[in-house]
Each structure stands twice: as structure tokens, then as C-alpha cells.
Amino acid sequence: MRIGLLAAAESWERARAGPTAGHLAHSLVRLAATNEAAAAALADRGHETLMITVDDPLPSRLCAAGVDLVFNTYFGPGRRQDQANVASLLEYAGLPFTGGGASCHFLGLSKPLSKRLFLAHGIPTPPFVDTTGLARAAAVEAAAAIGFPLIVKTAAEGEGIGLEESSVVRTPDELGRAMDRIAGAFADAPLVEQFLPGREFTVGVLDGMRPVALPILELVLGDAGIYSYDAKVSGGVAERCPAPLEEPVARIMGDLAVRAGIALGCRDCWRVDFRMDAGGEVFVLEVNTLPGLMPGYSDLPKTAEAAGLDHGQLVAAILASAVRRSARR
Ligand SMILES: Nc1ncnc2c1ncn2[C@@H]1O[C@H](COP(=O)(O)OP(=O)(O)O)[C@@H](O)[C@H]1O
Ligand SMILES: [Mg+2]
């Protein structure tokens, strides 16, 4: 096949970077490594690959590229919402592509919307207050009613961006200050959630003939407590895969990972973050609708490896899922 590999154009991303500008350089390094590895995996399997960068005249270039399918690794390093906007452009161009459609990414990028869908599907997620449209005092009161400790998060960021030690709050004063910090730095109103003190996991799902959960990866956070951007890039978080878990708990988590992705309309592959409460009950924090694929760094390739799939086989499985889907259309 002739595969278009969709990648970010550095100058375009720099021009669009908003509050996450500080994280951009790191993202662009990861992007280059991700695409080199995906291109090598596709070439090894006999595909002709064409790099297509996401910048200004993208729709016309997509249509003119003459590719059979687009392998989409574009996660909007400059502006996260562009992940969904670019999927819209792919739909607009009428090209088959890997991963979820625009609506899936829009939903996944909004934690408050995702959580409402989880609840509608009977998927446990921590109690929360979406502070959109609420006056400060009303938001503090509503969130405090959940019970402390709470965590104050961005509604639409990812990778732990916006989280720091002061995000976990134990009093109404701390809550108000943490909300002010998020409201001052990000466009969307803060999301306040019950803080779950238990273990943390992430579960990849690969959609073959049916979606299958990959081995569970545990993030052993130690002193970090939460998986913030700083904890992530400092490399101080240990990982265990497969996570030591009782079989019934692992089965529940795998089942929830599949169902949470389906609830948002995910396709081909996705990754779901979990946290346990003090009693060991599992809750879904979020679905990553376009999981990273950088070898040695991203969680999905690590969990695929624990299932016996090397990076090339993972890329091939994602492609095969998208090809099967586009053949059915
Ligand atoms: N309700 C919660 N209780 C405890 N820790 C949480 C909670 N929500 C988020 N965290 C911590 O913050 C990290 C990032 O939150 P998450 O919702 O996954 O957003 P992101 O999109 O930034 O990854 C999680 O991996 C976890 O360590
Ligand atoms: Mg997460």
C-alpha cells in the first residue's frame, strides 16, 4: 500500500503553541522518533511511505498525495485540540486513516464530557464537579461537598500538564487557589475530582477482530504521588508490566478499558488510565484516544511488548485494523 504518515511541522506547531509552549520542544523530539520508527516498520512490511506534514494547506495536500490510507500519529503538539481538528480534515478529505474519528478525539480531549459518557455506560469514574459556568464560590462549595482530599485538573490537557503538588487539595482555601491557578493558565474551566489515593495503572487496547486489552502496566509513583508532567519527564516513576494483580481485578480492568474506549467511539487502539481508591476499587480517569507510539517511551508499545508484539508488529496491527475497517465501508 501507499501510506501517508502524518507528522507535525515544527514551524507550524511553534506558531500555534499556547499555554503548553514550554512542553513543545520535548513533544517535537518524541514526534520525530515516533515517525521514524513507524516509517521503518511500514517500510519493513513492504509499504511505500510518504511523509505528510500538518501545516497550512493540509486538506489539498492530503487529497493530492494519492495515498491509500493515512497512518495518523498527529497528537497536536502545539495545540492539543488540533488532534481532533486534524482527524476532521482527514474525514473531510475522504481518506481512510488509523485511529478514532474526529468525534472520538473531541470527546477524549474533554475530561468532563468523557466522564459523563463513562457514567452513562456504567463505567466507574471518580466523582467530579465540572466548574464550567459556575461562580467561584459555588464551584468551591459544590466540589467541597464531594469530600476532601480533591484534585484540581485541567479539563482538556494531557500528559499531566497543569498538575503539581498543590493540585491535590485538603481545604476550601487550597481548592480555591488551585482552581484560580488552572483558570488563569488554561482556556477551559477546571475539573475537580475526588482524589483517589490507591495504585495507578494504564491499559492499552488493540482492536483486532475484536478489541483486546493488552497486559496491564502499573505506574509506581512513589514520592511523586501523582503522574504530573514533571514526574513523567524526570523518569522517576517505576513501571511494572504485567502489573501484579489478582486475576479477577485484572479481568475487570481489561473489560473496563475496552468498554471505556468503545463508549467514546475509539478505533484501532487506545489506552485507558486507572486509579484505585483506598479500598482497591478501580476507577477510570480518562481514555487516551491517540496513544503515543514512541519506542522505549510510550506506554502502548511497552504493554504490546509484554504481550509479545514488538514495535513493528504493533504498527502492523494498528494498520491491519484500519484497513479492515475501511474495507467494510
Ligand atoms: N482523581 C484522581 N485521584 C488521584 N490521582 C489522580 C486523579 N486524577 C488524576 N490523577 C493523577 O494525575 C495524573 C494525570 O491525570 P489524568 O486524568 O490521567 O490526565 P492527563 O490527561 O494529564 O494524563 C494521573 O495519572 C494521576 O496520577
Ligand atoms: Mg492520563
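# A tour from Pro 149

Begin by selecting Pro 149, which is placed in the loop between α7 and β5. Helices (H or I, at least four residues) and strands (E, at least two) are DSSP runs, numbered from the N terminus. The model is predicted: local features need pLDDT of at least 70, side-chain atom pairs count only at pLDDT 80 or more, and totals for chains, interfaces and linings use all residues. Residues are numbered from 1 along each chain as its sequence is written, chains are lettered from A and ligands numbered from 1 in the order in which they are written, and side-chain values use heavy atoms, with hydrogens and water left out.

Next, display the peptide bond that leads from Phe 148 into Pro 149: this bond is cis, with omega near 0°.

## The sheet around β7

Now select strand β5, residues 150–153. Strand β5 pairs with β7 in the antiparallel sense over 4 bridges, where pairing requires that DSSP find at least two bridges between two strands. Within this pairing, Val 152 has Val 192 in β7 as its bridge partner.

The bridge partner of Phe 128 is Glu 193 in β7, and that of Asp 130 is Leu 191 in β7.

In what order do the 4 strands of the open sheet stand? The order is β4-β7-β5-β6, with antiparallel pairing. Strands β4 and β6 (168–169) are the edge strands, each pairing on one side only.

Between β5 and β6, move to the loop that holds Glu 159. Glu 159 is not a glycine, yet its phi is positive, at about 55°.

Select Asp 180 and Arg 136 together and show their side chains, which meet in a salt bridge at 2.8 Å, N to O. The term denotes a side-chain nitrogen of Lys or Arg within 4 Å of a carboxyl oxygen of Asp or Glu. Asp 180 belongs to helix α8 (residues 172–185) and Arg 136 to helix α7 (residues 136–144), so the pair ties together parts that are 44 residues apart in sequence. A search of the whole structure finds 24 salt bridges.

Colour the protein chain by domain: domain 1 covers 2–97, domain 2 covers 117–123 + 196–328, and domain 3 covers 127–194. These bounds come from an automatic or database domain assignment. The C-alpha centres of domain 2 and domain 3 lie 25 Å apart.

Where the two domains meet, 8 residues of domain 2 are in contact (heavy atoms within 4.5 Å) with 11 residues of domain 3. Domain 2 and domain 3 bury about 760 Å² between them, 62% of it on carbon and sulfur atoms; buried area is the accessible area (1.4 Å probe) that two parts lose on being put together, summed over both.

The side of domain 2 that touches domain 3 consists of 6 nonpolar residues, 1 polar and 1 charged. The count of salt bridges between domain 2 and domain 3 is 0.

## Strands β8, β10 and β11

Proceed to strand β8 (residues 200–207), which pairs with strand β10 (residues 217–220) in the antiparallel sense over 3 bridges. Phe 201 has Glu 218 in β10 as its bridge partner. Strands β10 and β11 are also paired in the antiparallel sense, over 3 bridges, and here Glu 218 stands opposite Arg 240 in β11.

The last stop is Pro 242, in the loop between β11 (238–240) and α10 (247–264). The peptide bond from Cys 241 to Pro 242 is cis, with omega near 0°.

Definitions and conventions
Nonpolar A, V, L, I, M, F, W, Y, C, P; charged D, E, K, R; others polar.
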